[in-house]
Amino acid sequence: MPNIFSQPGKAAGQKLQLAAQAIDRAFPLKRKHYAELHYAVRDLSRLLTTERGQKQAYWSSPRFLSAYLRYFLPWNLLRLSRLLPALPLDLPAGGRVLDLGSGPLTVPLALWLSRRDLRMLDLRIVCSDTAPRPMELGRDIYRLLVSDNGETESVPGAKSREKAAQATGQADGTEAGAASESRESVDAPRNAGASSARGAHDARETGARAKLPWHIVLARDPLELAIRKTKEKVHLITAANVLNELPTPRQESLEEKLGSIFASMHRILEPGGQILLIEPGTRLGGKLVALMRRLALEKGYTVLAPCTHQEACPFLTERDEDADEDGADDDFMGSAPSRKGMAERNAKQAWQPRPSGWCHFSHDAEGAWPELLRLSAAADLPKERLSLSFVLLRKPLPGENSAAGRKTDARAAKSAPFASSGQSVRTGQTGEFAKSAQPAKNGRTIADGRQSSLPAPGEYMDARVISDIIKVPGKGICRYVCTRAGLGLLRDAAELDSGAEVGVTRHKNGGIDPKTGALDLV
């Protein structure tokens, strides 16, 4: 029963603690500043909640920068360490990566900590953000991790790149200048304070003695400009906690904004290349991911994870598109619009679920080290659950007949519904998450012009668990799942974890939950 999320093992926990130590060495604090660190964390949390999108307001403050590096960065690394190990990322030796909204290189650091297979590749990673300081520190943290890891001697291309770097006065493999590629490489930190400068110098010196496997370029550009400046096609585009911070002009809708960004991503992505989008596990984060997923399907992309199908997202309804709602990391099933008459409508017309939740995954905070837990408690920001929304997309190869290349507009999709065959297929080297598909025999047209499929009792479907346990009277311990036919309520699911993939069928009674429109599944 595969799960796209990994349990943090002992080795993963040790690497995360090494990251915490590297953070302290790259950006050391005096004892008196440690004493008030929890206040800075609390203040920064309030700022991030009320002033989303104002990165410069906290990146330029040493107090807030320290709080981010010691609280938010570690929790993000822990969260990503559950997701990244099992993802079917397909990067060749010499592969090119563009990380958007990189901050302190959160995604590259998480990849380094989580993916030993990628650590052994000669990758070239362009990290872009509007603020140079956090990227500089992230690069220092990366260098310290490499020097502490001891796995770089056998990295293909490391020796030849080191010689080339030495010829330009750089022995650490980090690209500078990069004028030919329209990139502003950020030099060593300046005016950062004596203690910080000593930590950064230590990081640079230890990094220079190691053979760095990844070729890091720092680009001081906002997201859309960073994409436009990319002249060479890339194999992977990553963006974590970025889309929810984008400003949207009044004259431009959210979907128009995302459509422009996706078109630019599509232009610079190699055929067969991938896009990994990760957002907070909020209602807004789930909506942003679902909209980008729909844009990708319209371009013939394959959804590699988390979906078990290539159909329109059952959570992306008309009210979701029209609303501009946000939410905190609250329960999966939040407050919903009026459900009056749901049961009657289901009885009179084809099945039309109107889920009140959004696609996201939650896990416990296992793997957090004691110092991080103590800081979280002192700041009155304890973390019991870690949640995120994400999607991994694959661009079609030339001439590829992708089952995903269909219009999936929630208001006017014309294609026939598809049912997963249950057979996992590999697409090149992209992994086991893409599913083959075949037309369903019982498609129905519902009120808004879409076609949907109400599976018969006993009909097999693949499903992905997307909630914590829910106790339902008369049905026991259940979990919500996503299927090609929409939202489902799965019985006897106490032993399943969020993110697990499982085969399901409709319950023999064939019921539909009148509260959420979810299918009754076993």
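Author: A term to begin with: helices (H or I, at least four residues) and strands (E, at least two) are DSSP runs, numbered from the N terminus.

Reader: Fine. What kind of model is this?

Author: This is a predicted model; local features need pLDDT of at least 70, side-chain atom pairs count only at pLDDT 80 or more, and totals for chains, interfaces and linings use all residues. Residues are numbered from 1 along each chain as its sequence is written, and side-chain values use heavy atoms, with hydrogens and water left out.

Reader: Is L105 buried or exposed?

Author: Buried, because its relative accessibility is 1%. Buried means under 20% relative accessible area, exposed over 50%, partly exposed in between (1.4 Å probe, protein chains only).

Reader: What about D380, buried or exposed?

Author: Exposed, because D380 has 59% relative accessibility. D380 also has a positive phi, about 60°, though it is not a glycine. Its loop runs between α16 (370-378) and β8 (385-394).

Reader: Switching to strands. How many bridges join β2 to β3?

Author: Six, and the two strands run parallel. DSSP must find at least two bridges between two strands for them to pair. S128 has A219 in β3 as its bridge partner.

Reader: How many residues of β3 are buried?

Author: Five of its six, so I'd call strand β3 (residues 215-220) mostly covered.

Reader: Where's the nearest cysteine sulfur to C482?

Author: On C307, 6.1 Å away. C482 is buried, since its relative accessible area is 9%.

Reader: Now the core. Which residues touch the most other members of the largest one?

Author: L87, L100, W214, M265, I275 and F390, out of 122 residues. Helix α5 (residues 62-83) gives the largest share, 13 residues. A nonpolar core is a set of buried Ala, Val, Leu, Ile, Met, Phe, Trp, Tyr and Cys residues joined through side-chain atoms within 4.5 Å.

Reader: What else is there besides that core?

Author: A second, separate core of 14 residues, including L454, V465, A493 and L519.

Conventions: A disulfide is a pair of cysteine sulfur atoms within 2.5 Å.
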